[in-house]
Structure formats: C-alpha cells, structure tokens
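I opened my notebook to look up the aromatic rings, the pocket and the core of one structure. My entries follow in the order in which I looked.

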Amino acid sequence: IGWVLITVIFGILLTTFHQQSSCDSPQSAPKFVWAIVYVELILFAAFGGVQLLQITDIINTNQSEMGYVVLSFTSKTILGWLVYGGNFVG
C-alpha cells in the first residue's frame, strides 16, 4: 500500500511541478529546485528498494537497517547541501 501511495503522491507532485514550472516560462523554478525534486525522488525511491530487497530475503534485517540509516543520512545531507547552495544562486 505504501508503494502505491508514494507513487500517487510523487505523480501528483511532479505533474503539478512541471505544469507550474515549465522551463520556457519566465517564472521557471531555479535549477537547484529541479535538482532537489529529482534527487530526493531518487533517494526516497531507494528506501522502497531496500524494503523490496528485505522482503525478498536478499538482505537480512541488519543489512536493511544499515541501508535505511545510510539512505536517511545521505538524503538529508544532500537536501541540506542543495538548499544551502541554492541560497547563493543569483
């Protein structure tokens, strides 16, 4: 159920984002906002990948927990750097 919900939510978010922020429009979102949206989408989808590996018994519980910790740290760190870097864009 969680995979269906996250797919629907990101589908709505991406559809709305692309409608509101077309590259040709003068009010287009800055490049760092595009980076935030897509990098975080990939990183959040990776959590589902770890869960899938755990469900199919490819990795054990300890490995999946380490995967979740690494993904959490990575996604938060990258988001922080993208937001920090975006503060200095023109």
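**Aromatic pairs.** I looked for aromatic pairs and found that the structure holds six of them, where rings of Phe, Tyr and Trp (its six-membered ring) pair if their centres lie within 6.5 Å, and planes under 30 degrees apart count as stacked, over 60 as edge-to-face and the rest as tilted. Phe10 and Phe44 form a tilted pair, 6.4 Å from centre to centre with 50 degrees between the planes. This pair links distant parts of the chain, since Phe10 lies in helix H1 and Phe44 in helix H2, 34 residues apart; helices here are DSSP runs (H or I, at least four residues), numbered from the N terminus.

The model is predicted, so I noted that local features need pLDDT of at least 70 and side-chain atom pairs count only at pLDDT 80 or more, while totals for chains, interfaces and linings use all residues. Residues are numbered from 1 along each chain as its sequence is written, and side-chain values use heavy atoms, with hydrogens and water left out.

**Second pair.** Why is the pair of Trp34 and Tyr38 stacked? Their ring centres are 6.4 Å apart and their planes are at 15 degrees, so the pair counts as stacked. Both residues lie in helix H2, four residues apart, which is about one turn of the helix. I also looked up accessibility: Trp34 is buried at a relative accessible area of 16%, whereas Tyr38 is partly exposed at 30% (buried means under 20% relative accessible area, exposed over 50%, partly exposed in between, with a 1.4 Å probe and protein chains only).

**Pocket.** Which residues line the largest pocket? I listed Trp3, Ile6, Thr7, Phe10, Gly11, Leu41, Phe44, Ala45, Phe47, Gly48, Gln51 and Tyr68. A pocket is, on a 1 Å grid over the protein atoms alone, an open set of points where a 1.4 Å probe fits, with protein on both sides within 12 Å along at least five of seven lines, and lining residues have an atom within 4 Å of a point. Helix H2 gives the most to this lining, with six residues. Ring pairs also link Phe10, Phe44, Phe47 and Tyr68 into a cluster.

**Core.** The largest nonpolar core has five residues, namely Leu14, Phe17, Ala29, Trp34 and Val37 (a set of buried Ala, Val, Leu, Ile, Met, Phe, Trp, Tyr and Cys residues joined through side-chain atoms within 4.5 Å). H1 and H2 each supply at least two residues of this core.
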